[in-house]
Amino acid sequence: MHELTIAQGLLDAISAETAKQNAKPLAAKISCGTLNAINDDSLCFAFEAFAKGTRCERMKLTVEHKPIQGKCRNCNLTFDVELGRPRCPKCSGENFELLPDAPLVLEEIEFQTE
Amino acid sequence: MYKVKISQKILATNEEYALKNRRLLDEKKKLCLNMISSPGSGKTTILKRTISELKNKIRIGVIEGDIQTDLDAEKIRATGAPAVQINTNGACHLSAAQVSSAIEDLPISNLDLIFIENVGNLVCPSAFELGETAKIVVLSVAEGDDKPAKYPAIFAKSKVLLINKIDLLKTAGQVDFDIERAKADARKLNKGIEIFPISAKTGEGMDNWYEWLTRSVKNLRL
């Protein structure tokens, strides 16, 4: 449900750029880390609700989920952590350092050419 | 059609407030702990007991987050500690801006430790930094030992896990909760997490938690 807050932040950011470009936004790409726990459907639903009646109405949102990474303390490999079964794919070691999760980022916006 | 590269953090406003809170707390050398759990895990009861039993050692203030009512702030004030209630009116988490204004309402010069009791929810609050020193996750045994595996984010981000209501495990068959399983699952993603099984009702295990708190407050003063 925190997607509501995120959708509002996203709409604010897109609206600011839309005013700057003075064009209709068609789509936006977002990226996020695993621990942001973003549910795409919830985010799109909330965004559409907030965007109603604005130039952002009916925009297409694409969310890229970046896997959280770990660094193996045994063999030093940096790898994508599978949350359900976290272990090093090379040495099967379970002792690893969890690296910082990717932040929630508005990557790019696609605008309609007038 | 054309594309514009933005590369902007969506929660930038929240992060600005979180940074502001962190700077203030660092400058004043105050420990600030963000408590996160499901509703009903016993956060308020843990706080009440902690405040009462550490009364002569650590000066504690509380920021209470709830969707509605100031019941929890009243319970805290009954112990003699200052408490500020935030009502989110439906929102599932506290924001750094809300905490920023609540800090202003606390007499922080007279405090060593500020607890933030977040809205009861094991998912959403973990995504919003408040400027806290550390996150404390509370899991009560009645919720089941599979929660660290099912809700990994909050267990990965927390410094301490309090496993509460262990008094319920004393009567055989009342609650099935494998403490070792919960500990092992929490440590899979967070090797350094400190885990204290406690009962805020009977006081069992609370000494280990108090020892950690006392040490953390002392370390901050150095």
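So, contacts in chain B: take the ones between residues at least 6 apart in sequence, and 73% of them join residues at least 24 apart. Keep in mind that this is a predicted model. Chain B has eight helices and eight strands. On overall shape, a compact globule with 222 residues would have a radius of gyration near 17 Å, and chain B comes in at 18 Å, which agrees. If you box up the C-alpha atoms of chain B along the principal axes, you get roughly 65 × 50 × 40 Å. Buried residues make up 45% of the 222 residues in this chain.

Okay, the sheet in chain B. Seven strands form an open sheet, and the order is β4-β3-β5-β2-β6-β7-β8, with parallel pairing. Which strands sit at the edges? Those are β4, residues 83–87, and β8 of chain B, each of which pairs on one side only. From one strand to the next, the twist averages 20°.

Let me pick out one pair in there. Strand β2 of chain B, residues 31–37, runs parallel to strand β5 of chain B, residues 113–117, and five bridges join the two.

Helix α2 of chain B, residues 43–53, lies across β2, β3, β5, β6 and β7 of chain B. Its direction is at about 165° to β5(B).

Which of its residues are buried? In α7(B) we have Ala182(B), Ala186(B), Lys188(B) and Leu189(B) as buried. Looking down the axis of α7(B), those buried residues fall within an arc of 150°, so they line one face of the helix. As a reminder, an α-helix has 3.6 residues a turn, so residues three or four places apart point the same way. And what covers the buried residues of α7(B)? From chain B, the cover includes β6 (134–140), α5 (147–150), α6, β7 (160–164) and β8 (194–197).

What does β1(B) pair with in chain A? The partner is strand β6 of chain A, residues 105–111, and the two pair in the antiparallel sense over six bridges. One bridge to look at: Glu110(A) has Lys3(B), in β1(B), as its bridge partner.

Now chain A by itself. Chain A has two helices and six strands, and along the sequence the pattern reads α-β-α-β-β-β-β-β. Why do I call chain A spread out? Well, its radius of gyration is 18 Å, well over the 13 Å that the globule rule gives for 114 residues, so chain A is more spread out than a compact globule. Along the principal axes, the C-alpha atoms of chain A fill a box of roughly 55 × 30 × 15 Å. Of the 114 residues in chain A, 32% count as buried. As for contacts in chain A between residues at least 6 apart in sequence, 68% join residues at least 24 apart.

Before I stop, two residues back in chain B. Gln68(B) is in the loop between β3 and α3 (71–77) of chain B. Is Gln68(B) buried or exposed? Gln68(B) has 9 C-beta neighbours inside 10 Å, so it counts as exposed; the cut-off for exposed is 12 or fewer. Along the chain, Gln68(B) and Thr88(B) are 20 residues apart, and their C-alpha atoms are separated by 7.0 Å.

The other one is Lys218(B), which is found in helix α8 of chain B, residues 206–221. Lys218(B) has 12 C-beta neighbours inside 10 Å, so it counts as exposed as well. From Lys218(B) to Ile166(B), you cover 52 residues in sequence and 28 Å in space, C-alpha to C-alpha.

That's what I have for today.

Methods
Residues numbered from 1 in each chain as written. Chains lettered and ligands numbered in written order. Predicted model: local features only at pLDDT ≥ 70, side-chain atom pairs only at ≥ 80, totals over all residues. Pairing = 2+ DSSP bridges. Helix = DSSP H or I, 4+ residues; strand = E, 2+ residues; numbered from the N terminus. Buried ≥ 20, exposed ≤ 12 C-beta atoms within 10 Å, placed from the backbone. Arc of directions from axis to C-beta. Contact = placed C-beta atoms within 7 Å. Axes fitted to C-alpha atoms, helices over the stretch in contact; angles between N-to-C directions. Rg over C-alpha atoms; globule rule 2.2 N^0.38 Å.
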